[in-house]
Amino acid sequence: MVSGRVVENVAVKLLQLAVTELPYDVKVALQRAYREEENPVGKSQLKAILDNVELAEKTCTPMCQDTGVVIFYVKAGSKIDGLDKIGDALRKATIRATKDVPLRPNSVNPFTQKNTGDNTGKHVPFIHWEVVPGDTLEISVLPKGGGSENVSALGMLSPNQGTTGIKKFVIDTIIGAGAKPCPPTILGIAVGGGADIAMKLAKKTLLKPLNQPNPNPELAKLEQELLEAANSTGIGPMGLGGKTTVLDVKIDYAHRHPASYPVAVVIQCWAARRASAVIHSDGQVEYISHKVE
Ligand code: SF4
């Protein structure tokens, strides 16, 4: 039996961790970028980002004023009782975290322009569900900032454009985005499926740890090629020049309709916020993205 209260408490903690403390792999990638950046302006931007990250962690305050739109990914064990309470618990957690962390209210009705003030609304927080074998509940949160989301893109390419078409679309997207997504960014890319499936898979790849090559060697090679091509644009940290435009590239795919070739690029800013925890059937909670005392 999963207690709604436990889910709510864990989700509040995940939101707090996500917005105040970058996962270790992202910090390591930013530190490496700082060491290797040769452009003095780009290097100073990376230093400012790292100082900001350190201060946010020390003071337990959000690392960016835009704390994003709240998206949860839930892997629910099929043997869990009380699954019907999880959605409500995640919604309550979002309201509590908005007040307590705090989070910036980022949920606006697109027709009335009214902000709900508590980061909830129609389909917000958005919850992606996956039913898996077992009796554990894994919850991940991905608060997604607006600046990087605004330059994410979907291309409905022609199948004959193939891998060359994918590369061109991704690099054109990065060049078009310029400074807007607060580089250095992380690229979540998905190819195939339909328009919705590609976008969903692309965003989900942003939950994967950095610097872990794709287990598919062909895709690992493509990730590396795209990383090098993106970093040769010279856009650099915060768009002010340098060789660190992208920290990492993650690719996923789905089989496609013979006539369709969707390519989704979801861009994540340097504030690559995510946090995950597993709730076990005995109520034990294990935070898997961050060290929690
Ligand atoms: S793109 Fe990211 S770092 Fe830039 S303002 Fe938005 S949330 Fe903050």
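The lining of the second largest pocket in this predicted model comprises seven nonpolar, four polar and seven charged residues. This pocket has a volume of about 400 Å³. Its lining consists of 18 residues, and those nearest the centre are K75, E138, S140, L207 and S276. Two or more lining residues are given by each of the elements β1 (71–77), β2 (126–132), β3 (137–141) and α7 (195–204).

The largest pocket has a volume of about 460 Å³. Around it stand 20 lining residues, with R32, N211, L227, N231 and L247 lying nearest its centre. Helix α2 (24–36), helix α8 (217–231) and strand β6 (246–256) each supply at least two residues of this lining. The largest share, six residues, comes from α8. By class, the lining of the largest pocket divides into eight nonpolar, five polar and seven charged residues.

The loop between α8 and β6 contains S232. With a relative accessible area of 59%, S232 is exposed, because that value lies over the 50% limit. S232 and T163 are separated by 69 residues in sequence, and their C-alpha atoms are 19 Å apart in space.

A further site is that of the ligand, which is surrounded by C64, Q65, D66, G145, G147, S148, P181, C182, C269, W270 and R273. This shell contains five nonpolar, four polar and two charged residues.

Charge pairing is the next topic. Side chains of opposite charge can pair when their charged atoms come close. Over the whole structure, 17 salt bridges are found. In one of them, the side chains of K58 and E54 meet at 3.4 Å, N to O. These residues are four apart in helix α3 (residues 40–59), so about one helical turn separates them. K58 counts as exposed at 65% relative accessibility, whereas E54, at 45%, is partly exposed.

Another salt bridge joins the side chains of K204 and E130 at 3.2 Å, N to O. Here the pair links distant parts of the chain, with K204 in helix α7 and E130 in strand β2, 74 residues apart. K204 is partly exposed, with a relative accessible area of 33%, and E130 is likewise partly exposed, at 32%.

Note on methods
Residues are numbered from 1 along each chain as its sequence is written. This is a predicted model: local features need pLDDT of at least 70, side-chain atom pairs count only at pLDDT 80 or more; totals for chains, interfaces and linings use all residues. Side-chain values use heavy atoms; hydrogens and water are left out. On a 1 Å grid over the protein atoms alone, a cavity is a set of points where a 1.4 Å probe fits but cannot get out, and a pocket is an open set with protein on both sides within 12 Å along at least five of seven lines; lining residues have an atom within 4 Å of a point. Grid points are joined across faces, edges and corners, and a volume is the space filled by probe spheres set on the points. Ala, Val, Leu, Ile, Met, Phe, Trp, Tyr, Cys and Pro count as nonpolar, Asp, Glu, Lys and Arg as charged, and the others, Gly among them, as polar. Buried means under 20% relative accessible area, exposed over 50%, partly exposed in between (1.4 Å probe, protein chains only). A residue is near a molecule or strand if one of its heavy atoms lies within 4 Å of it. A salt bridge is a side-chain nitrogen of Lys or Arg within 4 Å of a carboxyl oxygen of Asp or Glu.
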